[in-house]
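Please look over the sequence and the model below. A short report follows them.

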Amino acid sequence: MAEKTTLEALKQKFPEYVVEMSAPFGDETVVIRKEALLEIVAFLRKPPFDFQMLLDLTCVDHPGRSDRFEMVYHLFSLASNRRLRIKLSLPEQAAVVGSLVRFWKNANWLEREVFDMFGVRFEGHPDLRRLFMNDAFEGHPLRKDYPLRKRQPLIPLRK
Amino acid sequence: MSSRIQREARPESLLLNMGPSHPAMHGAVRIMLELDGERILNSEIEVGYLHRGFEKTCENRTYFSLLPYTDRLNYVSPLINNAGYVMAVEKLLGIAVPERARVIRVLMSELSRISDHLTCLAAMAMECGAFTVFLYKIKAREFLWDVIEATTGARMTTSYIRIGGVRADLHPDYEPAVQKALAETRKVLKDVHGLLDKNKIFLNRTRDIGVMTQDGAISYGWTGPALRSTGIAYDVRKAHPYLGYDRLAFDIPTGERGDNFDRYMVRMREMEQSLRIVEQCLAQMPRSGAGVMAGGLEPAEAIRASRTRNPAQPIKLSPNLEGSGKAVHKDILADDQRFVIPPKEETYTSIEGLISHFKFFMKGHGIQPPKGEVYVSVEGGNGELGYYIVSDGTDRPYRLHLRAPCLHLLASLEELIKGRMVADIIPTFGSMNIILGELDR
C-alpha cells in the first residue's frame with residue numbers, strides 16, 4: 001500500500017513533471033522531466049518518504065533517440081525499507097542535469113563517473129573531472145558509438 | 001593535468017604521493033596528500049588504475065559468457081558476485097532455481113563472506129604490525145577455499161553459480177571439509193579476539209580513528225559492515241531477503257562509534273553469524289535425487305563409450321565439474337532447456353542434445369531475456385552489491401551497471417583522514433576493505 005502512495009503523491013504534487021509511473025519486475029519507477037529533478041529529490045528526501053540514501057546513479061546511452069541519454073537514480077529509504085528508481089532523459093546537445101551533490105556526498109564521485117563515461121554534465125558539481133580515465137583521454141567510453149577495442153595508450157604500444 | 005590538490009595546496013606545505021603502487025594501498029589507489037609535518041591538511045584520491053571496462057565488455061558479451069568477468073570484481077568473494085549477477089538475470093527471465101541449488105548458493109556465499117572478512121582483517125592487522133594475526137587468518141581462509149576449490153574447481157575465479165542454478169553438484173566429501181573449515185575458523189576467531197581486542201597497539205591505531213557519523217555514512221551511501229559499524233542495522237539479507245535468507249536464523253551485529261575498531265569488530269562478529277548460517281545450510285541441504293555419485297565417466301570416456309556400447313545403456317558422468325550429469329542435473333539446475341546447458345550425456349551422445357547445446361551457445365540464440373530493466377542487490381563482502389541490467393530483448397545486455405559498495409566507501413576517505421596523521425590512513429583504509437577490482441571495474 002505504501003508503495004502506491006509514493007508514486008501517487010509524486011503525481012499529485014508534480015503533475016506537470018511526472019511523465020510516467022510503473023513498477024516493472026516490482027521495482028518502483030518514475031520517469032520525470034529533467035528540470036524538476038532537484039525539486040522532486042528534495043521533496044522525496046523529507047518525511048514521510050524519507051529517501052535518505054542515494055544508492056546508485058548511472059546513465060544509459062540510447063543513440064538514435066531524440067533524447068539520447070537516460071539518467072537512472074536509485075534512492076533508498078532506511079525508514080520504510082523501500083527503493084525508488086527515478087529516470088529522466090537528456091538530449092545529446094544539452095546533456096546537462098542538476099547535480100545532487102548538495103543532497104548526497106557520494107553523488108560527487110558517481111556524477112564524475114557518469115561524466116567520464118558518458119559526457120553528461122552536472123550543473124552545480126563542485127569538481128567535475130574524469131574519475132577513472134586519465135585527463136588526456138578523448139571521448140567517453142561507455143557511449144555506444146565508442147568502439148569496443150579502441151585504445152588510447154599513454155605510452156606508445158610495442159609493435 | 002593539474003589535480004585539484006596541486007592547484008589548491010598552500011606553497012609552504014608538502015605534497016606527498018601515497019600509491020598507486022604502495023604496499024598498503026591494496027591494489028592501486030593513489031592518494032595525494034598535502035602535509036604539514038605528519039598532519040594531513042588535505043588529500044585527493046585518484047582511482048581508475050584498475051579500470052578495465054567491465055561494463056563496456058559486458059555489453060558486448062552474451063548473458064552466459066560474461067559470467068567470468070564478474071569473478072574478477074571483488075576477487076576475494078567471487079561467489080557473491082556470481083550470485084548477484086545471476087539473480088538479476090533470473091529476475092529478468094523469471095526462472096526459479098531448485099531447492100538444492102538455492103542452499104548451495106547460500107552456503108557458498110557465506111563461505112565467501114567469511115573469507116572476504118578474513119582477508120580484509122588480516123591485511124588490516126598486518127598493516128598495524130600484527131603479523132601473527134595475518135598468518136592465522138590466511139590459514140583459516142585456506143580451509144574455506146579448500147571447500148570452495150573442491151566443489152567449484154577454482155579458489156578465486158570460480159564462475160560457479162550459473163543462470164538457473166549452479167555449475168556442478170557439491171563434492172562428495174564436502175561435509176567433513178566444511179566441518180573442518182568451521183572448526184578451524186572458530187579457533188582462529190577466538191585466537192584473533194585474544195590477540196587484538198585488548199591489544200594496546202591495535203587499539204591506539206583504531207579506536208576513535210576514522211570516525212564516521214550515522215548521517216555522514218548515509219550521505220556517502222555506505223552499506224555493509226561499514227554502515228553497521230555506525231549503528232544502523234541495514235543488511236540486504238534482512239531488508240530485502242533473497243535466496244531464502246529470511247528462513248535462516250542470524251543476527252546483524254552493529255557498532256556504536258563508527259570508527260576503525262568498530263568496523264573490525266562488526267566484521268569479526270559477522271563471521272560468527274556466517275558460520276551459523278553455514279551450519280544451518282548443512283542441516284537444510286536437500287538430498288540429491290540421485291545421491292552424489294562418486295564414480296562415473298569422464299567426458300572423453302563417455303564419447304568413446306557412446307560409440308562402442310549399446311546406446312540403450314545409460315552413461316553416467318562424474319557429477320563434479322566434468323559436467324553436470326543428467327542424474328544430478330535436475331537437483332542443481334532449473335528445468336528449462338532454454339536457459340541452462342543441457343546435460344553432457346545428451347550433448348555427447350544424441351543429436352538432439354547436440355542441437356540444443358549449439359542453440360544455447362550460438363550467436364543470436366541462447367539466453368534472451370525480455371525487454372526491461374532490473375536492479376538486484378545482494379549483501380556483498382563490503383556492502384550492497386547491486387546489478388542494474390537493461391535488456392533490449394537480445395542475447396546481450398544493453399547496459400549493465402554495477403553498484404560497487406567500495407566506491408561509496410572510498411569516496412569518504414578524504415573526509416575521514418583530514419586533520420589526522422599519515423599513519424592513520426593505513427588502518428582507516430584497511431578497515432574499509434577496498435577492493436579495487438570492484439571499484440574500478
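Predicted model: local features only at pLDDT ≥ 70, side-chain atom pairs only at ≥ 80, totals over all residues.

Residues are numbered from 1 along each chain as its sequence is written, chains are lettered from A and ligands numbered from 1 in the order in which they are written, and side-chain values use heavy atoms, with hydrogens and water left out.

**Strand 4 of chain A**

Helices (H or I, at least four residues) and strands (E, at least two) are DSSP runs, numbered from the N terminus. Buried means under 20% relative accessible area, exposed over 50%, and partly exposed in between (1.4 Å probe, protein chains only). Strand 4 of chain A covers residues 69–77, and nine of its nine residues are buried, so the strand is largely enclosed by the rest of the structure.

In a regular strand the side chains alternate between the two faces of the sheet. Here both faces are covered. A:Phe69, A:Met71, A:Tyr73, A:Leu75 and A:Ser77 are buried on one side. A:Glu70, A:Val72, A:His74 and A:Phe76 are buried on the other.

Two strands pair if DSSP finds at least two bridges between them.

| Strands | Bridges | Sense |
|---|---|---|
| Strand 3 and strand 4 of chain A | Eight | Antiparallel |
| Strand 4 and strand 5 of chain A | Nine | Antiparallel |
| Strand 7 and strand 8 of chain B | Six | Antiparallel |

A:Glu70 in strand 4 is the bridge partner of A:Val60. A:Met71 stands opposite A:Leu88 in strand 5 of chain A. Strands 4 and 5 of chain A form a hairpin with four residues between the strands, where A:Asn81 takes a positive phi near 55°.

**Strand 8 of chain B**

Strand 8 of chain B is mostly covered, with seven of its seven residues buried. B:Pro397 in this strand is the bridge partner of B:Ser391. Strands 7 and 8 of chain B form a hairpin with five residues between them. In its turn, B:Gly393 has a positive phi of about 90°.

B:Tyr136 is partly exposed, with a relative accessible area of 30%.

On a 1 Å grid over the protein atoms alone, a cavity is a set of points where a 1.4 Å probe fits but cannot get out, and a pocket is an open set with protein on both sides within 12 Å along at least five of seven lines; lining residues have an atom within 4 Å of a point.

The whole structure holds two cavities of 30 Å³ or more. Helix 3 of chain A supplies the largest share, five residues.

The largest pocket holds about 1200 Å³ of space. It is lined by 42 residues, and A:Phe132, A:Met133, A:Asn134, A:Phe137 and B:His51 lie nearest its centre. Helix 2 of chain B gives the largest share of this lining, four residues.

Conventions: Points joined across faces, edges and corners; volume = space filled by probe spheres on them.
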